[in-house]
Amino acid sequence: MKQIERILKVVLDAVTVLGAFAVFLMMAHITLDVAMRFLFNDPPPGTLIFVSRYYMVVVAFVSLAFAERRSGHINVEIVSELMPMRMQNTFNVLGALLSAVIFAMLAWRGLGEAAKKHDIGAFVLEQGIAIPVWPSYYLLPIGAGLMCLTLLFKIVRHYTNHENKTVLDPF
């Protein structure tokens, strides 16, 4: 279990660095676009495409599992905190299991869509330049798949590690 945790940590840290790099590239790309538009009235082609199809998708979806690893998602406990710990744990496990199923379906469907876009070589024309967008379709299934694996790991760890009392413990 510790080996799986280490591998998952390394992968999630790597995609988090990728997310941070995407934020940096997005800022640099937008700054370049604004500067070239203002100074030369000739912005580089593809800024909107890269921001919406690549940078934002990386930031939004690929980094989801990192937030789950740290239990950083919003968790509202208005009624459940009044219940016994055993019932809270049951709700946590059921919620994590339902989320894992939903993210698995999202990853599966996203992978099918990515394969279709890959097969046709999807691209967008901007200022007469063809910008391939099919690779960006693989980002959603990667992010959803990592989220599913993280949730499943937390559930398995909860049942195999008797020291942890809740399924939402970060790792």
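1. A crossing is called left-handed if the near helix is turned anticlockwise from the far one by less than a right angle, and right-handed if clockwise. Helices (H or I, at least four residues) and strands (E, at least two) are DSSP runs, numbered from the N terminus. With these terms, the crossing of H1 and H5 is left-handed.

2. The model is predicted: local features need pLDDT of at least 70, side-chain atom pairs count only at pLDDT 80 or more, and totals for chains, interfaces and linings use all residues. Residues are numbered from 1 along each chain as its sequence is written, and side-chain values use heavy atoms, with hydrogens and water left out.

3. Helix H1 (residues 2-40) packs on helix H5 (residues 139-160) at about 150 degrees, the axes being 11 Å apart. H1 is therefore roughly antiparallel to H5. Axes are lines fitted to C-alpha atoms, for helices over the stretch in contact, and angles run from 0 to 180 degrees between N-to-C directions. Angles under 35 degrees count as roughly parallel, over 145 as roughly antiparallel, 65 to 115 as roughly perpendicular and the rest as oblique.

4. On the H1 side, the contact (heavy atoms within 4.5 Å) is made by Ile4, Glu5, Leu8, Val11, Leu12 and Val15. H5 supplies Leu146, Leu149, Thr150, Phe153 and Arg157. By class, there are eight nonpolar, one polar and two charged residues in the contact of H1 with H5. Ala, Val, Leu, Ile, Met, Phe, Trp, Tyr, Cys and Pro count as nonpolar, Asp, Glu, Lys and Arg as charged, and the others, Gly among them, as polar.

5. Helix H4 (residues 85-120) also packs on H5, at an angle of about 155 degrees and with axes 8 Å apart. This makes H4 roughly antiparallel to H5, and the crossing is left-handed. Residues of H4 in the contact include Val93, Ala96, Phe103 and Leu111; those of H5 include Leu140, Ala144, Leu151 and Tyr159. The contact of H4 with H5 has 18 nonpolar, five polar and no charged residues.

6. The largest nonpolar core has 12 residues, among them Leu8, Leu12, Val15, Val62, Leu146 and Phe153. Such a core is a set of buried Ala, Val, Leu, Ile, Met, Phe, Trp, Tyr and Cys residues joined through side-chain atoms within 4.5 Å. H1, helix H2 (47-62) and H5 are the elements giving two or more residues to this core. H1 has the largest share, four residues. Another core, of 11 residues, lies apart from it and includes Leu64, Ala96, Ala107 and Ile155.

7. Glu68 lies in helix H3 (residues 64-69). Its relative accessibility is 9%, so Glu68 counts as buried (under 20% relative accessible area; exposed is over 50%, partly exposed in between, with a 1.4 Å probe and protein chains only). Leaving out residues up to four places away in sequence, Glu68 touches His73, Met147, Thr150, Leu151 and Lys154.

8. Tyr137 sits in the loop between strand S2 (129-132) and H5. With a relative accessible area of 25%, Tyr137 is partly exposed. Beyond its neighbours within four places in sequence, Tyr137 contacts Arg53, Gly110, Glu113, Ala114 and Lys117.

9. Leu140 is in helix H5. Not counting residues up to four places away in sequence, Leu140 touches Val57, Phe61, Leu106 and Gly110.
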